[in-house]
Amino acid sequence: MTETEVPAAHLATTGLTYVEMSGAVNTGIAIANPNNEDVTVDYVVTDSLDVRSFVSGSVTISANSQIARFLNEPPFAIRALQGTLTFTASAPIGVTVLRGFTNERGEFLVSTLPLLDPSVPASILPAYLPHFAVGGGWRTEVVLVNTVDAPITGTLAFMDGSGNPVTIPVGTVTASTVDYIIPGRRTLKYLLPNTGPTTQAGSVRVTPISGDRTPVPIGIFSFTSAGVTVSEAAISGTRGTQFRTYIQNSGVPGSVGSILSGLAIANADVTTATVRLEVFGLDGNSTGLTNSLTIPVGGKIARFANEMFPSLPTNFQGILRISSSSALSLAGLRGRTNERFDFLISTVPPVEELTQGSSAQVVFPHFVDAGGYTTEFIILNDVTDQPSSGTILFRTTGGQPLDIVVQ
């Protein structure tokens, strides 16, 4: 019915995320405290629909324990709003933010929202959302998050795969560009509605005015079939030149239980990008499958792995390496055909390739097993020339060691 990918959380003492509680939409947060002492987390929630409105509070997470709550539940108990949540913690914690959408059948669809680091200086370069889709059952919400205290202004531009401007529905109008003004630490949301039988897809470029800071773009796209929203996923572009991501190719596409992995790649540079792709097995050895893609300035490509590599085995799990001398904005995609033949789309976060590893621990702040839920853990070595080893420890919500069946 629903599937989402959650990246491991790097421990941090501050963070910022987009939140929305309105009608069928809710936002939840999972906080894990891996420390041997209690941690106090102070938070501020701002309302972008009323810039004078905000809610502040504090919650204590016991040593080695975690909490997972929707923001309209205690200890938060926040009313309906759309905006940001910013937190500071007395010691490093792991945080995951989940978005829930109750569809027309009363089913709860889950997706993952990115957690931003407000201590990192905001960029002044254009930002890219590597994929949007409208029409033919698809709709996309584009959310711009201002991570700085001052207002920011700029332009949102919609482009097709060749990098040319494309006119699409934006709210109640059609446009290829729109201007934005976002107050400090607030958000702005644009709805690209599902209108017409034909799907339009492309990328979004966010360009600040000269010298201004760039907001962080988030895309929330969903697919409706026969009047029912069957899938929803949140996407953000990871900027860089070298990445790795997990891919899986399973079953016959369109059959029950089949899984497809893919990529959305936008050219975030000022020259044509040549993108090199290579497939590795789970053992780290090359399969010999390679490909090269050319993406024009402002353009994008969105393809599944079996389209980029026609000879990819029918049942395959492995690593896809993506590299380019040009800056890319990249998002990983995953599709599953469920028992109703609904196509569930979710995102798989790519990781930037590193030349040197880190000994810092990471945390999955929340997992669920049984009662209709399963969790699959994928541990990916993102270092180019070093093996990695370590220990995985499972704990209950109260911090006690947990013995579970691992297949």
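**Close-up views of a predicted model**

**View 1. Contacts of Pro208**. Beyond residues up to four places away in sequence, Pro208 touches Ile124, Leu125, Pro126, Thr153, Gly154, Tyr180, Arg213 and Thr214 (contact: heavy atoms within 4.5 Å). Pro208 belongs to strand 16, residues 200–208 (strands are DSSP E runs of at least two residues, numbered from the N terminus). Pro208 counts as buried because its relative accessibility is 9% (buried: under 20% relative accessible area, 1.4 Å probe, protein chains only). Tyr180 lies 28 residues from Pro208 along the chain, with 9.0 Å between their C-alpha atoms.

The model is predicted: local features need pLDDT of at least 70, side-chain atom pairs count only at pLDDT 80 or more, and totals for chains, interfaces and linings use all residues. Residues are numbered from 1 along each chain as its sequence is written, and side-chain values use heavy atoms, without hydrogens and water.

**View 2. Ser111 in strand 8**. The strand covers residues 108–113. Ser111 is buried, with a relative accessible area of 2%. Its contacts, not counting residues up to four places away in sequence, are Thr4, Val97, Leu98, Arg99, Glu232, Ala233 and Ala234.

**View 3. The second largest pocket**. Its volume is about 350 Å³ (the space filled by probe spheres set on the grid points, which are joined across faces, edges and corners). A pocket is an open set of points on a 1 Å grid over the protein atoms alone, where a 1.4 Å probe fits, with protein on both sides within 12 Å along at least five of seven lines. Lining residues have an atom within 4 Å of a point. Here they include Phe367, Asp369, Phe377, Phe394 and Gln407. By class, the lining has eight nonpolar, three polar and one charged residues (nonpolar: Ala, Val, Leu, Ile, Met, Phe, Trp, Tyr, Cys and Pro; charged: Asp, Glu, Lys and Arg; polar: the others, Gly among them).

Conventions. Helix = DSSP H or I, 4+ residues; strand = E, 2+ residues; numbered from the N terminus. Buried < 20%, exposed > 50% of the residue type's maximum accessible area, 1.4 Å probe, protein only.
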